[in-house]
Amino acid sequence: MDYLDLYLMHWAMSAKPGPASFPVKRDDVVPLDLEGVWEAMEECQRLGLTKTIGVSNFITRKLEELLTFANIPPAINQVEMNPGWQQQKLRRYCANKGIFITACYPLGGQITFGNTNHVLTSDVLKKIATAKGKTAAQISLRWILEQDVGIVVKSFNIERLRQNLEIFNWELSQEELLQISSITQKKAARVQFMLSNEGSLTSVNISDIDIIET
């Protein structure tokens, strides 16, 4: 490819150089040179290697840190977002700063890290889905769409691919939106689930890279 449309920094953390491994060894986690990384990403945009640059999994505190030195602000912040993790504080902050949010894990996550998928099994979403003749997944996607947020969703199932596209010619009522706003919040993607049990974190405090923000 001659260029990328969008280049994202995946997480506000860093690992030692070398072949990528998953889960990441705890000993391999090192402090992130956020300013140095962002400067290199800005250079990629200036050189035309990417049209836009952004971040992923950044909370407001990390965005504030980034914006203190960024010459090119992030165009996008891709984060976990769904009715079970609504990111209200982050959405308000990004709207004020002109940063567009894209929702990953819009259906609660294909990989649920050993937990029940709290979105697709939500009684609130299932009740609304039954009343509207939709699926819980469609209710979740429609709710995200109505928050003026982009959606990253995937499936290899033809029927589900079709259902994912059938969210545009109907709306959620104010009562249904209120019901969704009352759903108990639970974040699925956590840093500790991405780290192996091998070794220990010595140079980074996990609270600095896995902050839960509601």
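Trainee: How many helices and strands are there in the chain?

Mentor: Helices (H or I, at least four residues) and strands (E, at least two) are DSSP runs, numbered from the N terminus. In the chain there are 8 helices and 7 strands. Please note that this is a predicted model, in which local features need pLDDT of at least 70, side-chain atom pairs count only at pLDDT 80 or more, and totals for chains, interfaces and linings use all residues. Residues are numbered from 1 along each chain as its sequence is written, and side-chain values use heavy atoms, with hydrogens and water left out.

Trainee: In what order do the strands of the open sheet stand?

Mentor: Strands of a sheet pair through backbone hydrogen bonds, either parallel or antiparallel. Two strands are taken as paired if DSSP finds at least two bridges between them. Here 5 strands form an open sheet in the order E1-E4-E5-E6-E7, with parallel pairing. E1 and strand E7 (150-151) stand at the edges with a single partner strand each, so one side of each has no neighbour in the sheet.

Trainee: Which helices take part in the right-handed β-α-β units?

Mentor: A crossover is right-handed if, with the strands pointing away from the viewer, the path from the first strand over the helix to the second runs clockwise. One such unit consists of E4, helix H2 (residues 60-67) and E5. Another is made by E5, helix H3 (residues 88-97) and E6.

Trainee: Are the residues of strand E6 mostly buried or exposed?

Mentor: Buried means under 20% relative accessible area, exposed over 50%, and partly exposed in between (1.4 Å probe, protein chains only). Strand E6 (residues 100-104) has 4 of its 5 residues buried, so the rest of the structure largely encloses it. Strand E4 (residues 50-56) is mostly covered as well, with 5 of its 7 residues buried. For the chain, buried residues make up 42% of the 214 residues.

Trainee: What is Asn164 in contact with, leaving aside its neighbours within four places in sequence?

Mentor: Contact means heavy atoms within 4.5 Å. Asn164 lies in helix H6 (residues 158-165) and counts as buried because its relative accessibility is 14%. Leaving aside neighbours within four places in sequence, Asn164 is in contact with Leu141, Val153 and Ser155. Across the chain, 67% of the contacts between residues at least 6 apart in sequence join residues at least 24 apart.

Trainee: What does the C-alpha trace of the chain span along its principal axes?

Mentor: The span is about 50 × 40 × 35 Å.
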